[in-house]
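Subject: Structure handover and notes

Dear colleague,

I am passing on the structure we spoke about, and my notes on it follow below. Please read them with the coordinates open beside you.

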Amino acid sequence: MIKKLFIFLFIALNLYAAKPSVEELTWPHGESLLMFLENNKIPLSLYYNLEKEDQELASEITTGTRFQILRDDDDEISQVLIPISDELQIHIHKDKIGKFNLDFIPIIYENEDRILSIDINRSLYQDIIENTGNLALASAFINAFKGSVDFRGLKKGDKLIITYSQKRRMGRVFSIPNIKAAMIQIRGKDEYVYQYDGRFYDKFGKEIENFFLVKPVNNARISSRFTLKRFHPILKRYRAHLGMDYAAPKGTKIYAAGDGTVSFAGQKGGYGNVLTINHADGYMTLYAHVNGFASGMKRGKSVKKGQLVAYVGNTGMSTGPHLHFGLYKNNKAINPESVVKITKSALGGKEKTEFNALVATYNKDIDKGLGDHKNYPKEETFESVITF
């Protein structure tokens, strides 16, 4: 069983006596899995034979996703790996008789704990990238502090420390770094931020997060919750559900979860009729299986939180009328329940005690950064085609 789970691109290299090549590509805008199969002469039955839930999951491939194709000595595709989240990927591969198969397998990665300690030289954003080669880390740092700190007061020589974890896959960093704590020194004043239970707080336990969502459907029952990856004990395979399902009658009104701009309104694979809205700070919400869109809902349309945007439906690979509500941060699916709330909160009671214990631990890491600390080497770039 374990052996089967660990089947992925590079293990397959041992199956070929000739020199295969691994090509890394970027998923094109607007391409579906079905289009990919057709364009590469892979049987479309791989998609049509999937269960409805898996066809829906295949719609999660996002534009710009890096994926890999393994070709044999005849330049024919033998395997494909397409990530659909941080935890799960589509695996297309030929068996011993040359027949293509498709399944969902875990993404194998390492999680590295790191501390970055730098002095400001040019600008906050540029200095983080210059020292790490990690664009996502620079964005994550700024988003962690939100609007709680005025970075315009920074001057050359001010100090910055980040303690974070970073996923690494196939020799490269991937996904958004998970910032645990950070400190920025602005004209001699130290500002701190700490992560607790998926949210950011200042040193007093007051929440910093300033992006709030409202529930998109009123008086609806949650029929399925968010999960990145789980192994189904009966089906003996991996499943995922990258959003929240709200069961409601067909035609029930759907409201924008936050202020933003419509980025897509149309059909998208197993999701049927889909509306997506871009929000501030890299957030995006997705409303799938809808029956129809509210008047004027098209790309570029500005919407307000609580505005009518669509109606519950049963389009696409759906088993009944419901809204599939997805939330994304920089194209990464995150749990909507971690963000949907009404007001900011300050920790208290048991949570405050746990938070204080975490702060003490994180401050030790920050102290390491203040000492004689050496950063990790800057990330390198790789060729897109590697021959073995």
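**Charges and rings**

The charged end of arginine 114 sits over the ring of tyrosine 376, at 4.1 Å from the ring centre. Please bear in mind throughout that this is a predicted model.

**Aromatic pairs**

Searching the whole structure gives 14 aromatic pairs. In one of them, the ring centres of tyrosine 47 and tyrosine 48 are 5.6 Å apart and the ring planes stand at 75°, so that the pair counts as edge-to-face. Tyrosine 47 is buried, with a relative accessible area of 10%, whereas tyrosine 48 is exposed, with a relative accessible area of 51%. Tyrosine 287 and phenylalanine 325 form a tilted pair, with 5.5 Å from centre to centre and 45° between the planes. This pair links distant parts of the chain, since tyrosine 287 belongs to strand E18 (residues 283-288) and phenylalanine 325 to strand E22 (residues 322-329), 38 residues apart. Tyrosine 287 counts as buried, at 0% relative accessibility, and phenylalanine 325 is likewise buried at 0%. Elsewhere, ring pairs join Tyr192, Tyr194, Tyr196, Tyr201 and Phe355 into a cluster.

**Salt bridges**

The search of the whole structure also finds 23 salt bridges. One of these joins arginine 239 to aspartate 54, with 3.4 Å between the closest N and O atoms. Because arginine 239 lies in strand E13 (residues 237-241) and aspartate 54 in helix H4 (residues 52-58), the pair ties together parts that are 185 residues apart in sequence. Both arginine 239 and aspartate 54 are buried, and the two residues belong to a network of salt bridges that links Glu51, Glu53, Asp54, Arg237 and Arg239.

Two further salt bridges may be worth a look. Arginine 152 pairs with aspartate 150, the closest N and O atoms being 2.9 Å apart; here arginine 152 is exposed at 74% relative accessibility, while aspartate 150 is partly exposed at 43%. Lysine 155 forms a salt bridge with aspartate 158, with the closest N and O atoms 3.9 Å apart. In that case lysine 155 is partly exposed, at 38% relative accessibility, but aspartate 158 is buried, with a relative accessible area of 2%.

**Helix H5**

Which residues of helix H5 (residues 124-132) are buried? They are Leu124, Asp127, Ile128 and Thr132, and they cover an arc of only 110° around the axis, which puts them on the same side of H5. In general, an α-helix has 3.6 residues a turn, so residues three or four places apart point the same way. The buried residues of H5 pack against strand E6 (110-119), helix H6 (135-145), strand E7 (159-169) and strand E8 (172-186). After H5 comes glycine 133, which has a positive phi, near 70°.

**A three-stranded sheet**

Finally, there is an open sheet of 3 strands in the order E15-E21-E19, with antiparallel pairing. Its edge strands are E15 (253-255) and E19 (292-293), each of which pairs on one side only. Strand E15 and strand E21 (residues 308-311) are paired in the antiparallel sense over 3 bridges, and isoleucine 254 has alanine 310 as its bridge partner in E21.

Terms used. Residues numbered from 1 in each chain as written. Predicted model: local features only at pLDDT ≥ 70, side-chain atom pairs only at ≥ 80, totals over all residues. Heavy atoms only, no water. Buried < 20%, exposed > 50% of the residue type's maximum accessible area, 1.4 Å probe, protein only. Helix = DSSP H or I, 4+ residues; strand = E, 2+ residues; numbered from the N terminus. Arc of directions from axis to C-beta. Contact = heavy atoms within 4.5 Å. Pairing = 2+ DSSP bridges. Phe/Tyr/Trp six-rings, centres within 6.5 Å; stacked < 30°, edge-to-face > 60°. Lys NZ or Arg CZ within 6 Å of the ring centre and 35° of its normal. Salt bridge = Lys/Arg side-chain N within 4 Å of Asp/Glu carboxyl O.
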